[in-house]
Amino acid sequence: MNHLKFASYLLCLAALQMPLVASAEDAAFRLVIKDHRFQPAELNIPSGKKIRLMIENQDATPEEFESHSLNREKVIAGHGTATLYIGPLAPGRYAFIGEFNEATAQGVLIAQ
Amino acid sequence: MLGTAIIVFREVLEAAIIIGIVAAATHGIRGSRRWIGAGLLLGLAGAGVVAAFTDAIGSLASGVGQELFNAIVLGVAVLMLAWHNIWMSSHGAVMAASAKSAGADIRNGSSECSALLLIVALAILREGSETVLFLFGIASAEGSDHSMMLGGGLVGMFMGIVAGYLIYAGMLRIPLRWFFTVTGVMVMLLAAGMASQAAHFLIQADLLPSLAAPLWDTSTALPEDGIPGMLLHSLVGYDSRPAGMQLVFYVFVLASIGFGMRWVRHTHRTKRSIPMKVGK
């Protein structure tokens, strides 16, 4: 238990060093889902920065944006739009899928 | 068909494991079965409503309504599980003693059962609404083989329920001596995992800082979409690439429930050690 207490103490200390409020000017990026595909299927984003990702679903059926590498999941209703925040990311490729149509709905974020 | 089965299995598994664990933990409490049944029905109805209003919920709070909704649902479930465990820690010892001598069904926990109802209903509401949306999408899609895919959905659902039942049945085989300790620890880990998931949604909505993301990466050793990773995710909140804030929530909930249980057990013991007047 003492180890746990110590670890949580350390984490709280780390929390104090972090800015609590996100800057209002997070860069925004857009993805469109059409015919169960992401457009664009490859999206370039800056690394080391938090970004706002807007996903517009132009299909009539719902879709779930999911990425284990980004640790994100969000359901987007048919003809709906969703917003989520990603990063700051280390440079690299981060795959994502539309879970409800995994065969076609595949994409990748490239942080550079 | 297989793809459909796997997706539905994943969604159902999480709810089934939660229900399996609380059903085992409350086994023998009078009326608990009826409350679980009511929670099931309420959760299914709620899942339909949430699925129908996905777009409306999602567009609340400037586009992060879905994250807020999920975090609140998870938060309430964490509170209910915490309360359940702390309540049990004061009664568990007495129950274990009397259950040994008099068999099951001696516990009276009517106040306890409303928490049970909520935990079951919320688990189904959250996972069920995604399943409903997914199956609805299949049903309304053109040109694909609907019956094959819906059949796959049913197979996945069945497999998920079987997994939940196996956990329930397995927990009931634990010797009575260990039963309350094991169920207590399992409920604690379940609650901590849910708290970590709630933090994950609040980070996604940019309402909480992530604090080091990811804190570690075990996605190659133990991927979350493999069966062991999936099971661990549902049982103890395993995440292959967690954010630091998720661990803060996890540890905080574990510690709070642990201290709560210890404190209640302590006060219970002191109360009982005071000599009582025996009246006729």
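Start in chain B: select helix α9, whose buried residues pack against α1 of chain B. The model is a predicted one.

Which residues of α9(B) are buried? Show B:M230, B:H233 and B:S234. Look down the helix axis: these residues span an arc of only 90°, so they sit on the same side of α9(B). An α-helix makes a turn every 3.6 residues, so residues three or four places apart point the same way.

The crossing of α1(B) with α9(B) is right-handed.

Zoom in on the contact. From α1(B), pick B:R10, B:L13, B:E14 and B:I17. Their counterparts in α9(B) are B:M230, B:S234 and B:L235. Colour the contact by class: four residues are nonpolar, one is polar and two are charged.

Step just past the end of α9(B). Select B:G237, where phi is positive, about 75°.

Move to chain A for a sheet. Five strands make up this open sheet, ordered β3-β9-β8-β5-β6, with mixed pairing. Which strands stand at the edges? They are β3 (42–45) and β6 (72–76) of chain A; each has a single partner strand, so one side of each lacks a neighbour in the sheet. On average, neighbouring strands are turned by 20° against each other, direction ignored.

Finish on β5(A), residues 63–67. This strand runs antiparallel to β6(A), and five bridges join the two.

Methods:
Residues numbered from 1 in each chain as written. Chains lettered and ligands numbered in written order. Predicted model: local features only at pLDDT ≥ 70, side-chain atom pairs only at ≥ 80, totals over all residues. Pairing = 2+ DSSP bridges. Helix = DSSP H or I, 4+ residues; strand = E, 2+ residues; numbered from the N terminus. Axes fitted to C-alpha atoms, helices over the stretch in contact; angles between N-to-C directions. Left-handed = near helix turned anticlockwise from the far one by under 90°. Contact = placed C-beta atoms within 7 Å. Nonpolar A, V, L, I, M, F, W, Y, C, P; charged D, E, K, R; others polar. Buried ≥ 20, exposed ≤ 12 C-beta atoms within 10 Å, placed from the backbone. Arc of directions from axis to C-beta.
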